[in-house]
Amino acid sequence: MRKAVFPGSFDPITLGHVDIIERALPLFEEIILAIGINADKKYMFSLEERIHFLAETFKAEQKIKVLSYEGLTVDLCKKENAGFILRGLRNAVDLDYEKTIGQTNYKMAGIETVFLIASSGKSHISSSVVRDVRKNGGNFAFMVPKSVAESK
Ligand code: ADP
């Protein structure tokens, strides 16, 4: 089965992530949305909230599974029998960062990373900008799916 893991913090999921996931659906039989838990990182939304946002956004999509994980993404891929990692690219900064990780993951485990370039009109969206606007009381609804926009 052609299975991909889409790893991320999803703090919170944005319409940029949704764009990548929806466009990747025809390429894979299953996509696992995997929230990486990093004990050193501070998140705006709890793990439970982030899982809820993902599950709610894709509740009608049979091919999508949501989980959280600790440790290496390649270890999760092996455990879940997924041959691919899915990532999105917004700009040259993303590319530079993703390149070394993708190359390392391939060396470590022979797992290919499939990159989709953000759709035009979506590359300005990032979780960090959403968090910043939300923290300062601004309108962020146009950058996120409904479940996040309605969050308290
Ligand atoms: P991480 O903390 O691992 O960077 P994120 O949740 O921020 O996790 O991002 C997960 C993936 O989604 C990354 O590959 C990132 O480049 C991609 N991504 C984030 N925002 C967008 C966007 N607007 N368009 C396309 N890809 C995006």
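A polar contact is taken here as a pair of N or O atoms within 3.5 Å, and within protein one atom must be able to donate a hydrogen and the other to accept it, while residues adjacent in sequence count only if both atoms are side-chain atoms. The model is predicted, so that local features need pLDDT of at least 70 and side-chain atom pairs count only at pLDDT 80 or more, whereas totals for chains, interfaces and linings use all residues. Residues are numbered from 1 along each chain as its sequence is written, and side-chain values use heavy atoms, with hydrogens and water left out.

| Residue | Protein atom | Ligand atom | Distance |
|---|---|---|---|
| K41 | N or O, side chain | oxygen | 3.5 Å |
| G88 | polar backbone atom | oxygen | 2.7 Å |
| I125 | backbone N or O | nitrogen | 2.8 Å |

Taken alone, the ligand exposes 560 Å², of which the protein buries 88% (accessible areas by the Shrake-Rupley method with a 1.4 Å probe). The shell around the ligand (residues with a heavy atom within 4 Å of it) holds 17 residues, with S9, F10, G88, K122 and I125 coming nearest. By class, this shell divides into six nonpolar, five polar and six charged residues. The elements that give two or more residues to the shell are β1 (3-8), α1 (15-24), β4 (84-89) and α4 (92-109), where helices (H or I, at least four residues) and strands (E, at least two) are DSSP runs numbered from the N terminus.

The ligand sits in the largest pocket, which means that more than half of its atoms lie within 2 Å of the grid points of that pocket. A pocket is an open set of points on a 1 Å grid over the protein atoms alone, where a 1.4 Å probe fits, with protein on both sides within 12 Å along at least five of seven lines, and its lining residues have an atom within 4 Å of a point. The largest pocket has a volume of about 1,200 Å³, and of its 45 lining residues P7, G8, S9, R87 and Y97 lie nearest its centre. α4 gives the most to this lining, with nine residues.

The loop between β1 and α1 contains F10 and also P12. F10 has a positive phi of about 50 degrees although it is not a glycine, and the peptide bond from D11 to P12 is cis, with omega near 0 degrees.

Technical notes: Nonpolar A, V, L, I, M, F, W, Y, C, P; charged D, E, K, R; others polar. Points joined across faces, edges and corners; volume = space filled by probe spheres on them.
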